[in-house]
Amino acid sequence: MDNTMWVTNNTGWSDFILVGLFSQSKHPALLCVVIFVVFLMTLFGNTILILLIYSDAHLNTPMYFFISQLSLMDMMYISVTVPKMLMDQVMGVNKISAPECGAQMFLYLTLVGSEFFLLAAMAYDRYVAICHPLHYPILMNHRVCLLLVSGCWFLGSVDGFMLTPVTMTFPFCRSQEIHHFFCEVPALMKLSCSDTSLYETLMYLCCVLMLLIPVIVISSSYSFILLTIYKMNSAEGRKKAFTTCSSHMTVVILFYGAAVYTYMLPSSYHTPEKDMIVSVFYTILTPVLNPIIYSLRNKDVTGALKKMLNVESVFQETIK
C-alpha cells in the first residue's frame, strides 16, 4: 500500500463523505425545500421570540430569560447542521474535511449538552415559582439566573471538549462514508478500525450523567409542581400553572427521548436510517417547535406580539 494513502487513512485527516437524508429520499428536491423552509421558520420564530422577551417589560422575568437562552441555543443548534446539509445538496457535494467535522461535532455536543442542563434549570425555575411563590424574587434573582445559565453553557462546553478531541484522534481506516447528515459521534465511531469499546463505555457513562442529573432535577421539580397544582383552590391558577408546565414537558419529552435513543440504547437497536430520523427530531423539529409551543400557548407572549405589531402599523401609518 502507498505510504501516503496509509497515513491519510490512519490519521483520519482525509475528507469524510456525509451520506445524509437526501440519499434516502425518493424526492430529495422536495425534502430540501421543506427543510429549508423549516430552517427559515426556526430562525424567524426564535429571533422574534428573543426580540419580544428583551423589548417587552412584562417579559423581563426569569422564565422568559431562560426561554430566550433556549431560543438562542436552538438557532445555533440548527445552524450547525442544516446549512451545510442544504448547501451540499444544492452544489452536489457531500464531503466534509476532518477539521470541519471536528468543529461541527464540538459545537453540536456543546449546544446539546447546554440544552440538557438549561431544561433542568427551567424546571427548577417553575418549581420555585409555583411551590414557593413568596420566595421566588429572592431565590431566582438576576444574579442566580445568570449563574444558572452560565453553568449550563460551561457544562455543555465540557462535554464538547471531552468527547471531540478523543473521537477525532481515532484512526479511521475503513470507509470514509458517515451514514448521517452531520458528524455525530456514534456514526463516526463506526468508521474507526481500532477497538473503541472502552471509549464507547466511557462515553455512555458520560452521557448517562449528562442526562441523569437533569432528568432527576426535572422529575423532582415536576413531582412537587403536580402536588402543588393538585392542592390549589383556584381553578384559574391551576389551569395557568398546568399550561405553563405542559409546554415545558412537551419540549423535554421530545428532546430527551431522542437523546436517550441515540446515546443510551444498545447498538443492536440502531440502524443508520433510524438514527437519522431520530436526529431530525432534536436537530430540526425541536428548534422550530419551541417558539410555537412557548408563544401560541402563552398569553403574555401573544400579547407582546400584538403590541409590537400595533406599534409597527401605527409607525407605518405615521410615515404615510
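This is a predicted model: local features need pLDDT of at least 70, side-chain atom pairs count only at pLDDT 80 or more; totals for chains, interfaces and linings use all residues.
Lys 84 is partly exposed, at 23% relative accessible area. Both residues sit in helix H3 (residues 62-91), and because they are 4 residues apart there, about one helical turn separates them.

The count of salt bridges comes to 3. Another one joins Asp 125 and Arg 126, whose closest N and O atoms are 2.9 Å apart. Here Asp 125 is buried, at a relative accessible area of 1%, and Arg 126 is buried too, at 12%. Then there is the pair of Asp 275 and Lys 190, with side chains meeting at 3.8 Å, N to O. This pair ties together distant parts of the chain, 85 residues apart: Asp 275 belongs to helix H10 (residues 272-296), while Lys 190 lies in the loop between helix H7 (185-189) and helix H8 (197-231). Asp 275 counts as buried at 12% relative accessibility, whereas Lys 190 is partly exposed at 46%.

As for strands, 3 of them make an open sheet, ordered S2-S1-S3, with mixed pairing. Strands S2 (95-96) and S3 (177-178) are at the edges with a single partner strand each, so one side of each has no neighbour in the sheet. S1 (residues 16-18) pairs with S3 in the parallel sense over 2 bridges, and Ile 17 has Glu 177 in S3 as its bridge partner.

The unreviewed UniProt entry annotates "transmembrane region" at several spans, including 28-52 and 106-124. Residues 28-52 are 100% helix, with end C-alpha atoms 36 Å apart. Residues 106-124 are also 100% helix, and their end C-alpha atoms lie 27 Å apart.

Methods
Residues are numbered from 1 along each chain as its sequence is written. Side-chain values use heavy atoms; hydrogens and water are left out. UniProt positions are given in the numbering used here, feature names are shortened, and annotations may be inferred rather than shown by experiment. Two strands pair if DSSP finds at least two bridges between them. A salt bridge is a side-chain nitrogen of Lys or Arg within 4 Å of a carboxyl oxygen of Asp or Glu. Buried means under 20% relative accessible area, exposed over 50%, partly exposed in between (1.4 Å probe, protein chains only).
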